[in-house]
Amino acid sequence: MHILMTADTVGGVWTYTHELVTGLLRRGHRVTLVSFGGHPTPEQMQWMKGLESLAYFPTAYRLEWMQESVNDIEQSFEWLDRLIQQVEPDLLHFNQYAYGALPTHIPKIVVAHSDVVSWWVNTREEDPHETSWLRWYRGLVSNGLSGANAVVAPSKWMLNALKTYYISPAESHVIHNGRDAALFDHSVPKEKCVVTVGRLWDEAKQVSLVVEHNHSVPVYVAGSVEHPESLGAATAKSYDQGSVTWVGSQSCQQLRDLYAKAAVYAGTSRYEPFGLAPVEAALSGCALLLNDIPSFHELWGDAACYFDRNNSESLAAKIRMLIDNPEERQQFGARAMERASTAFSTDRMLDSYERAYSSLVKQEAYA
């Protein structure tokens, strides 16, 4: 099967794309990949080397959630339509909402990774202010969802958010994101330290919680400090405080090394429709200490330990508890690894997408 897939180069969607595309190619499919949101770095493109069945088209068109993106979306809509006519794929897999509205007979899947309204409501704890841009964005998302033959979300929570703030898709599926366990090392002896991952500029990641209290063990915070729409240099301000060290953006290997040595992963997000970092940490043998939000409970159940929602004092207390109780910490680590290895494996994700792809292509053939 020949799949045309869109992606963006900002955050976890690129990691998800890497995992899914390489798996599809390994299973004999062809992929035409188009990226938006700015050109990827050389390090981001390393995984593409030697993949003969992959055709890649990077673009600098703004993403739909970015301000001043209206013209970019219109231009990218026309550009993508021309590319589809040129390469003639069997199926379209869009990781943005807008392109679900493209007028074509080719089956379309739209994958909902997050959205502006649910982000705002769960991060700011209020409805977003009604503006002309927000009206345009809501229409864009709703039209894309309506135009898709099927909508996929990585959690039930995210699918319900679409139904709450936009429309209820005619056909929908929950397909969990997956990671390859072989990429991570759980054999390294654990050190008494904590790691968390989150972009400084993203309020939803809420990494500020870890600096509000001092901790008895080192806490490492990995993530970019520069907003993708920033035109200036990265923020120079230091967020190191006591036991907390901000290590900045990390390569894939650097993140693996951090996960491998850390005894605990702290998931501080107040908004997380899925979250690949907890999966990666779990596959590395870390005990998961997560914010008490519905999506984390849905995904991890009793395989994780939880701190009181958005409460830095509770976070600090639970860190102390896990560090001071190695047997309980190891039990949480084992449960998290088992959960990640089964529910969030690459093969399980690939099986689910292949079934969805095949069903839609067959429906089109019989139409």
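Helix axes are lines fitted to C-alpha atoms over the stretch in contact, and angles run from 0 to 180 degrees between N-to-C directions. Welcome to a predicted model, in which local features need pLDDT of at least 70 and side-chain atom pairs count only at pLDDT 80 or more, while totals for chains, interfaces and linings use all residues. Residues are numbered from 1 along each chain as its sequence is written, and side-chain values use heavy atoms, leaving out hydrogens and water.

**View 1. H1 crossing H11.** The axes of H1 and H11 come within 10 Å and cross at roughly 70 degrees. That makes H1 roughly perpendicular to H11 (65 to 115 degrees). On the H1 side, look for Tyr 16, Glu 19, Leu 20, Gly 23, Leu 24 and Arg 26. Their partners in H11 are Thr 346, Asp 347, Met 349, Leu 350, Tyr 353, Glu 354 and Tyr 357, with contact meaning heavy atoms within 4.5 Å. Sorted by class, this contact holds 7 nonpolar, 2 polar and 4 charged residues; Ala, Val, Leu, Ile, Met, Phe, Trp, Tyr, Cys and Pro count as nonpolar, Asp, Glu, Lys and Arg as charged, and the others, Gly among them, as polar.

**View 2. The second largest pocket, with lining from H1, H10 and H11.** This pocket (an open set of 1 Å grid points with protein on both sides within 12 Å along at least five of seven lines) has a volume of about 220 Å³. Its lining (residues with an atom within 4 Å of a point) comprises 17 residues, and Glu 19, Arg 26, Asp 180, Leu 183 and Thr 346 lie nearest the centre. Helices H1 (12-26), H10 (326-343) and H11 (346-366) each supply at least two lining residues. H1 gives the largest share, 5 residues. By class, the lining splits into 5 nonpolar, 6 polar and 6 charged residues.

**View 3. H9 packed against H10.** H9 (residues 312-324) meets H10 at an angle of about 100 degrees, and their axes are 5 Å apart. These two helices are therefore roughly perpendicular to each other. Met 321, Leu 322, Ile 323 and Asp 324 of H9 touch Pro 326, Glu 328, Arg 329 and Phe 332 of H10. This contact of H9 with H10 has 5 nonpolar, no polar and 3 charged residues.

**View 4. H3 packed against H5.** Here H3 (residues 116-124) and H5 (residues 156-165) pack at about 100 degrees, with axes 9 Å apart. H3 and H5 are therefore roughly perpendicular to each other. H3 brings Val 117, Ser 118, Val 121 and Asn 122, while H5 brings Trp 157, Met 158, Ala 161 and Tyr 165. The contact of H3 with H5 comes to 6 nonpolar, 2 polar and no charged residues.

**View 5. The largest cavity, lined by Asn 122 and Trp 157 among others.** Take a moment to find this one: a cavity is a set of points where a 1.4 Å probe fits but cannot get out. The count comes to 1 cavity of 30 Å³ or more, and the largest has a volume of about 40 Å³. Besides Asn 122 and Trp 157, its lining contains Arg 270, Tyr 271, Glu 272, Ile 293, Pro 294, Ser 295 and Arg 309. These residues divide into 4 nonpolar, 2 polar and 3 charged.

Note on methods: Grid points are joined across faces, edges and corners, and a volume is the space filled by probe spheres set on the points. Helices (H or I, at least four residues) and strands (E, at least two) are DSSP runs, numbered from the N terminus. Angles under 35 degrees count as roughly parallel, over 145 as roughly antiparallel, 65 to 115 as roughly perpendicular and the rest as oblique.
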